[in-house]
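I opened my notebook to look at one protein, piece by piece. Here is what I looked up, in the order I got to it.

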Amino acid sequence: MVFNTGAALLDAIVLAVVSKEKEGTYGYKITQDVRGVLEVSESTLYPVLRRLQKDDCLEVYDMAYEGRNRRYYKLTEKGSAQLNLYKVEWKNYSSKISKMLEGGIGI
C-alpha cells in the first residue's frame, strides 16, 4: 500500500477483526486477517494489541491449545464503543477523501 497506516487506523482494523469472534481470537489469526488488507508485521501488531488491552478496549485470556497456551483477545464494551466511533469517523473521512480524489472541491 502506498499510503501510511496511522495508529488510529490500525487500532480500528484490529478492533474490527477481533469483533468478528464473540469469544475472541488469538494473535496469529488477528495478524493473518489484518494482512488480508494491509502489509503489516507481527512486530507492528503486537504493540497495538497491548495498547488496546492497556486502554481497556480488549481483554486477554489464555487457553490451552495442542499442549500449550494460546493468548486470546476479546472486545470489551469500551472496545465496542471505540470501534463504533472509528466506523463513524472512517465513513466521514473516506467520503471526503473520495470526493476530493474524484474532482470535488467543496467538501
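**Entry 1: the last helix**

I started with M100, which I found in helix α4. Helices here are DSSP runs of H or I with at least four residues, strands are runs of E with at least two, and both are numbered from the N terminus. Before going on I noted that this is a predicted model, where local features need pLDDT of at least 70 and side-chain atom pairs count only at pLDDT 80 or more, while totals for chains, interfaces and linings use all residues. Residues are numbered from 1 along each chain as its sequence is written, and side-chain values use heavy atoms, with hydrogens and water left out.

Is M100 buried or exposed, or partly exposed? M100 has a relative accessible area of 43%, so I wrote it down as partly exposed. The cut-offs are under 20% relative accessible area for buried, over 50% for exposed, and partly exposed in between, with a 1.4 Å probe and protein chains only. I also checked M100 against R35: they are 65 residues apart in sequence and 28 Å apart in space, C-alpha to C-alpha.

Next I took α4 as a whole, which covers residues 77-101 and has 25 residues. From its first C-alpha to its last it reaches 36 Å, close to the 36 Å expected at 1.5 Å a residue. That expected span is 1.5 Å times one less than the number of residues. I listed G79, L83 and Y86 as the buried residues of α4. What do the buried residues of α4 pack against? They pack against α1 and β3, with contact meaning heavy atoms within 4.5 Å. Just after α4, I spotted G103 with a positive phi of about 100°.

**Entry 2: stepping back**

I zoomed out and got four helices and three strands for the protein. Along the sequence they follow the pattern α-β-α-α-β-β-α. The C-alpha trace spans about 60 × 30 × 20 Å along its principal axes. Of the 107 residues, 28% are buried. I also looked at contacts with a separation of 6 or more: residues 24 or more positions apart account for 51% of them.

Helix α3 runs over residues 42-54 and has 13 residues. It reaches 18 Å from first C-alpha to last, close to the 18 Å expected at 1.5 Å a residue. Which residues of α3 are buried? I found L45, V48, L49 and L52. Seen down the axis of α3, the buried residues fall within an arc of 100°, so they line one face of the helix. The arc is taken from the directions from the helix axis to the C-beta atoms.

After α3 comes D56, with a positive phi near 65°.

**Entry 3: helices that cross**

How do α2 and α3 pack? Their angle is about 115° and their axes are 10 Å apart. The axes are lines fitted to C-alpha atoms, for helices over the stretch in contact, and angles run from 0 to 180 degrees between N-to-C directions. On the α2 side I noted G27, Y28, I30, T31, V34 and R35, which meet E42, L45, Y46 and L49 in α3. These residues divide into six nonpolar, two polar and two charged. Ala, Val, Leu, Ile, Met, Phe, Trp, Tyr, Cys and Pro count as nonpolar, Asp, Glu, Lys and Arg as charged, and the others, Gly among them, as polar.

Then I did α1 and α2, whose axes come within 10 Å and cross at roughly 120°. Here I13, V14, V17 and V18 in α1 meet I30, D33 and V34 in α2. By class, this contact has six nonpolar, no polar and one charged residues.

**Entry 4: two strand residues**

T25 is in strand β1, residues 25-26. T25 counts as buried because its relative accessibility is 5%. Leaving out residues up to four places away in sequence, T25 touches V18, I30, R71, Y72 and Y73.

Y65 is in strand β2, and at 34% relative accessibility I put Y65 down as partly exposed. Y65 and E42 are 23 residues apart in sequence and 20 Å apart in space, C-alpha to C-alpha.
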